[in-house]
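Here is a briefing on one structure. Read it with the sequence and the 3D view open.

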Amino acid sequence: MHKVSQLALLTAAIFASQPSQANALPTATINGIADERSPVMALTHATIHVNSTTVLEDATLVIQGDRILSVSDDNKYPQNAQVKDYTGMHLYPGFILLDSHVGMPEMDKKPPFRWGKKETIQSTKKGAYNANEAIKASFSAADVFTADAKSNKTLRSNGFTNALTYQPDGIMRGTSALVHLNEDSAHQAIIRREVAQHMSFDKGSSKQDFPVSLMGAVALIRQTLMDADWYKQQNEMIDLDLQAINDNSKLPRIINADNWQQTVLSKKIGTEFDVNFIVKTAGDSYQDVVAVSETGQPLIVPLVQEKAPAVNDELDLWNVDYEDLKKWQLTPFNPAILAREGVNFALIPAPKKEKSFLKDLKNAVKHGLDKQIALASITSTPAKLIGDGRLGQLKKGSFANFVVTTDGLFMKGSEVAETWVAGDANQVAGMPRINNGAYQLTIDEQVHDVKVSNKGGKISLAAADKDNKTKYKVTQDNDFITINVTLPADEDSKEAADEHKLFGVINNKQIDALKGNWSLTASSADDQAEESKAAETKAIPSIPRPFSAYGLAQVDKNNNILITNATVWTNEADGILENTDVLVKNGKIQSLGKGLKAGKGVKTIDGTGKHLTSGIVDEHTHIALLSVNDIAVNSAMVRMEDAVDSHDINIYRNLAGGVTAAQLLHGSANPIGGQSALIKLKWGVDADEMLIDGADGYIKFALGENVKRSSSNESIRYPLTRMGVEQVYRDQFTQAKAYEQAWKDYNSLSSSKKKKTTAPRKDLALETLVEIMNKDRFVSCHSYVQSEINMLMHVAEDFDFNINTFTHILEGYKVADKMKAHGVGGSTFSDWWAYKWEVNYAIPYNANIMHNAGVVTAINSDSAEMSRRLNQEAAKSVKYGGMSEEDAWKLVTLNPAKLLHLNDRMGSVKTGKDADLVLWSDNPLSIYARAEKTMIDGVIYYDRDKQADIEAEIDKEKMALVKLSKNDKGPKKPFKSMPKQLMHCDTLTGLEHNERHQFLGE
């Protein structure tokens, strides 16, 4: 064992406290004496972790100034080196924090929401910056960085030596700076000026209204990246933000995601623009690690720790969400789950949890994260992601940035003793020191088993055996220690008690004798026990997919089925067929008839006494969306498919009501809303897999009170009147025609002239309107009042296109003849009326009157609740107006399929169509009818026969989780029953949950 002399300790203390050469700013005026010498330092006899895979025992690290000169296990160093013995200590590369705001000025505060506030349409930022103030790409963290001694100290105490710092404000947030976390001035703490471009889906402190939704943020990102490309070619204007995007185009791009869905969405944007994003996640990737891992994106992962839900009584037990319990259980496993899937990631502290980072890191290892991957995730991985070879490993030429720990980093009781930044030693827990635990005190070859307690640096000893009467008294003077040992007297010989006075010095994990033949060393048995305990890891629990209680419903992907002897509602000329078989092969309806044979691999279902129909198609809904409304007057660039939530429990609930397909519409906040997403309700697949392949494109328009802001007396947003609404359409389509012509003119130029001519700026909103005029995209318009319905048909005809569908259209009965002449369909409510002024004239006969006039008529839900009983909504038209049962059933099946141009694939039971089918327990229009089996493309996604078993399994797992959570010694999350939000046309979900704008209800 290597001894440390008092002289060595004194020398070490002197050079560890020396200011480095870097502390003296070369350009500063010197007022006094300056010492610019840079001594060579040798840290010897340490366990050196060169990187996550290479470890050198009894090794030496030699540094000079802010650089490493050598790393070796021969313990050789220059003669002029100042030497410090690090026996028993571990040296690791300094940790790199890839997501930090250290040294950044306080952000502008987001204006608080208040009812009736005036909108902010244009940017309030002065200067030649982007027209949307959420675009702050010209911001440079290096320009405003100031060293923050308090934050640096906190981060260093957890092993961080470097941070990538940026301003977390806006959708495009500018560039970050790479800094040392030492006591240097900003001049020398900044080691790289522009390291990465930063982005997010959160507009931050921007005072402008647009965007307020996820899909609006995505649209702004798309438009801005296109604008940056166009900006290179033009000389009409200066935009400092677009210029910065181009200037920094070769830098890594880091995007902040608020949930795993946004992580997946980042890949979609990256693919479109040939950008490889690094995604800073919310620590929830475990909720769909398959979708996240398939993106192939490197991640920055916070070590989030969820609190266990407090369950104190039967009411709490009834109300606590299964999902909340699973979040608490699975969050600590998130890094291990990502590692299992081969995801490349860097770890960072959870928000405002910098002080507990090491504790949380050890907890991640305890929950299955491999130690080598854990070390790489805070050293070499972040260094590689930002392309800086001077960090992340201990090698010649690297920065002298390293962490000294009292034991292996992941060992219980191990602490950070020192953090060295750019060659400067920063004391954390202090060196040398001694740990708590079992030790052996050897006096003249006699061994005493003792327990050492170290409380705040004050050492005490006690006999390991409680029956042992030996007394130990410890006195200390800094690291010098005196131990008085009094052995019990021998009662038989009557001899006096034996006493020893031991004098020594605390050295790392032991006390070395400075006088006499004695030593105090850690017990090898205790070391083995600690290693064994540290090696224990927890197994990764099961993860439902989707991340919901009903994610436990396992789907059988067999799409070859024979339904026998059912009453089949064909929705075709054959009408309703009794005692009929339907054979499904490879997800398609192969044949209908009697006595059909199943064949090999075909599952048979007895339909005797049951009714088989095509699946319900909901023409107008907002389920399975992360947000619904944006606020731009023309939101045609917004795409609802960017906000599809494949884990929404309403998908499963709709399957239980026989719904198999739906149009996910933008809300009714704006005259021109966003582009629709047409989906099949496949439970347990990714959002992109839900989208109906090859479906026509649709868009939401809106008329009436919502778009003219009838709910606000202080609104300044155009339009404020119904006349203004018409003018919006005419103005926008006129611009779109000019836009289309400008591109035609440009594309007609010869190649030589094109090189000398700036191409028109691509405008995503106008391009969408061009699609409408060219009949490549179709309009579904929110409407109520006959005058506005007539107006929009006239506008469409003036621009040579037709409105495809008027949705709601509660005054459709007044203009049904005009609708028929125009060729527009109507998708209405069955019996809603008088819930706001413009629907006072609604009648429940509306659907019948439009249908009788020859208008393709459907019943829609616009409600996550009503969509589960659309069969009953259809039945109301039998009562109100005497519609036939078959025609009534078409209101929610074939007719909405026609309105969505999908009737060649769904809406009826016909050979060759998709096997989107529902087996009902009774006549589907009956209030007693229950969907027993709902299939999409021949796969049964909902099976009532299995529902009792699924719910029993949910109850069983929920009870096990509650029991487990009650045994958790950590803090509890106070129980709070929060009803889930059901989205309608007027629901405006922004990027901030507390941001709400008032619109009239539907």
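Thr 381 sits in helix H14, which spans residues 380-385. Helices (H or I, at least four residues) and strands (E, at least two) are DSSP runs, numbered from the N terminus. Thr 381 is buried, at a relative accessible area of 10%. Buried means under 20% relative accessible area, exposed over 50%, and partly exposed in between (1.4 Å probe, protein chains only). Beyond its neighbours within four places in sequence, Thr 381 is in contact with Asn 344, Phe 345, Ala 346 and Ala 376. Contact means heavy atoms within 4.5 Å.

This is a predicted model: local features need pLDDT of at least 70, side-chain atom pairs count only at pLDDT 80 or more, and totals for chains, interfaces and linings use all residues. Residues are numbered from 1 along each chain as its sequence is written, and side-chain values use heavy atoms, with hydrogens and water left out.

**The chain overall**

- The protein chain has 27 helices and 45 strands.
- Its C-alpha atoms fill a box of roughly 115 × 75 × 55 Å, taken along the principal axes.
- Of the 1002 residues in the protein chain, 56% are buried.
- Among contacts in the protein chain with a separation of 6 or more, 69% come from residues 24 or more positions apart.

- H3 covers residues 149-156, and its buried residues are Asn 152, Leu 155 and Arg 156.
- These three lie on the same side of H3 because they cover an arc of only 100° around the axis. The arc is that of the directions from the helix axis to the C-beta atoms.
- Lys 150 and Lys 153 are exposed on the other side of H3.
- An α-helix has 3.6 residues a turn, so residues three or four places apart point the same way.
- What do the buried residues of H3 pack against? They pack against four strands: E6 (95-100), E7 (160-165), E18 (416-421) and E19 (424-427).

**Ala 163 in strand E7**

- Ala 163 is placed in strand E7.
- Ala 163 is buried, with a relative accessible area of 0%.
- Leaving aside neighbours within four places in sequence, Ala 163 is in contact with Leu 97, Ser 100, Val 102, Ala 177, Leu 178, Val 179 and Leu 181.
- Ala 163 and Val 179 are 16 residues apart in sequence, and their C-alpha atoms are 5.5 Å apart in space.

**Helix pairs**

- H5 (residues 214-231) and H6 (residues 240-247) pack at about 85°, with their axes 9 Å apart. H5 is therefore roughly perpendicular to H6.
- Axes are lines fitted to C-alpha atoms, for helices over the stretch in contact, and angles run from 0 to 180 degrees between N-to-C directions.
- Angles under 35 degrees count as roughly parallel, over 145 as roughly antiparallel, 65 to 115 as roughly perpendicular and the rest as oblique.
- From H5, Thr 224, Leu 225, Asp 227, Ala 228, Asp 229 and Tyr 231 meet Leu 242, Gln 243, Ile 245 and Asn 246 of H6.
- By class, the contact of H5 with H6 has five nonpolar, three polar and two charged residues. Ala, Val, Leu, Ile, Met, Phe, Trp, Tyr, Cys and Pro count as nonpolar, Asp, Glu, Lys and Arg as charged, and the others, Gly among them, as polar.
- H10 (residues 322-330) and H27 (residues 947-966) pack at about 50°, with axes 10 Å apart. That angle makes H10 oblique to H27.
- Tyr 322, Leu 325, Lys 326, Trp 328 and Gln 329 of H10 meet Glu 957, Lys 958, Leu 961, Val 962, Leu 964 and Ser 965 of H27. The contact of H10 with H27 has six nonpolar, two polar and three charged residues by class.

**Backbone exceptions**

- Most residues other than glycine have a negative phi, and most peptide bonds are trans.
- The peptide bond from Phe 210 to Pro 211 is cis, with omega near -5°. Pro 211 is in the loop between strand E11 (197-200) and H5.
- The peptide bond from Tyr 718 to Pro 719 is cis too, with omega near 0°. Pro 719 lies in the loop between strand E37 (697-702) and helix H18 (722-747).
- Asp 444 has a positive phi, near 50°, and is not a glycine. Asp 444 is exposed, with a relative accessible area of 51%.
- His 901 has a positive phi of about 60° although it is not a glycine. His 901 counts as partly exposed, at 27% relative accessibility.
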